[in-house]
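Visitor: Could you walk me through this model before I set anything up with it? I'd like to begin with the overall picture and then go into details.

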Amino acid sequence: NHKRKKMTRLLIKGAEAALPTGSGSASTFDNATVVRLVNTATGADYLVTIVETQGGTVVGSFTLMRSESVLVEKQFAHFIFAANAAVKGSKVGYTN
């Protein structure tokens, strides 16, 4: 008996781009509240950090494993950056 995995449908709202690699150049991804991130590196894991403002206080961070993709929810005004430009992101939304 196989369970079918429910697929998440995404509304693509922006072009994919490499994440900035420093807090001072961090991006809101056009004021996104949901950002799809993918680590395109096959041999390294990279830290992803969300900050209140460019160069500002850290809200939180996590390690994005090699070849992994995730959906990150954040406040629209918060900025995001990664330890390496191999991490790419795009503004997305959910659909029903």
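Visitor: How many helices and how many strands does the chain have?

Guide: This is a predicted model, and in it the chain has zero helices and eight strands. Read along the sequence, the pattern is therefore simply β-β-β-β-β-β-β-β, with DSSP runs as the basis for the strands.

Visitor: What radius of gyration does the chain have, and what would a compact globule have?

Guide: The chain has a radius of gyration of 14 Å, whereas a compact globule with 96 residues would be near 12 Å, and the two values are taken to agree. Along the principal axes, the C-alpha atoms fill a box of roughly 50 × 30 × 20 Å.

Visitor: And the surface, how much of it belongs to carbon and sulfur atoms?

Guide: The accessible surface comes to about 6000 Å², and 50% of that belongs to carbon and sulfur atoms. As for the interior, buried residues make up 36% of the 96 residues.

Visitor: What share of the contacts comes from residues 24 or more positions apart?

Guide: Counting contacts with a separation of 6 or more, residues 24 or more positions apart account for 77% of them.

Visitor: OK, on to the core. Which residues have the most contacts inside the largest nonpolar core?

Guide: That core has 16 residues, and those with the most contacts inside it are Leu19, Phe29, Leu37, Tyr46, Val48, Ile80 and Val87. The elements that give two or more residues to this core are β3 (34-39), β4 (46-51) and β7 (79-82), and β4 gives the most, with three residues. In soluble globular proteins, nonpolar side chains tend to be buried together.

Visitor: Which way do β4 and β5 pair, and over how many bridges?

Guide: β4 and β5 pair in the antiparallel sense over six bridges, and Val51 has Val58 as its bridge partner in β5. The two strands form a hairpin with six residues between them, and Gly55 in the turn has a positive phi of about 75°.

Visitor: And over how many bridges do β4 and β7 pair?

Guide: β4 and β7 pair over four bridges, in the antiparallel sense, and in β7 the bridge partner of Val51 is Phe79.

Visitor: Which residues of β7 are on its two faces?

Guide: Phe79 and Phe81 lie on one side of β7, with Ile80 and Ala82 on the other, and as all four are buried, both faces are covered. In a regular strand the side chains alternate between the two faces of the sheet.

Visitor: Back to β4 for a moment: is Thr49 buried or exposed?

Guide: Thr49, which is in strand β4, has a relative accessible area of 6% and is therefore buried, the cut-off being under 20%. Not counting residues up to four places away in sequence, Thr49 touches Val58, Gly60 and Ser61, and also Phe79, Ile80 and Phe81.

Visitor: Switching to charges, how many salt bridges does the count come to?

Guide: The count comes to two salt bridges. In one of them, the side chains of Asp30 and Lys91 meet at 3.7 Å, N to O. This pair links distant parts of the chain, 61 residues apart, with Asp30 in the loop between β2 (17-18) and β3, and Lys91 in strand β8 (residues 87-94). Asp30 counts as exposed, at 57% relative accessibility, whereas Lys91 is buried, with a relative accessible area of 18%.

Visitor: Which parts of the chain does the pair of Arg66 and Asp45 link?

Guide: Arg66 is in the loop between β5 (58-64) and β6 (69-73) and Asp45 in the loop between β3 and β4, so that distant parts of the chain, 21 residues apart, are linked. Their side chains meet in a salt bridge at 3.0 Å, N to O. Arg66 counts as partly exposed at 39% relative accessibility, and Asp45 is partly exposed with a relative accessible area of 27%.

Visitor: Last one: what does Ala18 contact, leaving aside its neighbours within four places?

Guide: Ala18, found in strand β2, is in contact with Ala85, Val87 and Lys88 once those neighbours are left aside. Ala18 is partly exposed, with a relative accessible area of 38%. The C-alpha atoms of Ala18 and Ala82 are separated by 8.9 Å, although these residues are 64 residues apart along the chain.

Note on methods: Residues are numbered from 1 along each chain as its sequence is written. This is a predicted model: local features need pLDDT of at least 70, side-chain atom pairs count only at pLDDT 80 or more; totals for chains, interfaces and linings use all residues. Side-chain values use heavy atoms; hydrogens and water are left out. A nonpolar core is a set of buried Ala, Val, Leu, Ile, Met, Phe, Trp, Tyr and Cys residues joined through side-chain atoms within 4.5 Å. Buried means under 20% relative accessible area, exposed over 50%, partly exposed in between (1.4 Å probe, protein chains only). A salt bridge is a side-chain nitrogen of Lys or Arg within 4 Å of a carboxyl oxygen of Asp or Glu. Contact means heavy atoms within 4.5 Å. The radius of gyration is taken over C-alpha atoms; the globule rule is 2.2 Å times the number of residues to the power 0.38. Accessible areas come from the Shrake-Rupley method with a 1.4 Å probe; for residues, only the protein chains shown count as cover. Two strands pair if DSSP finds at least two bridges between them.
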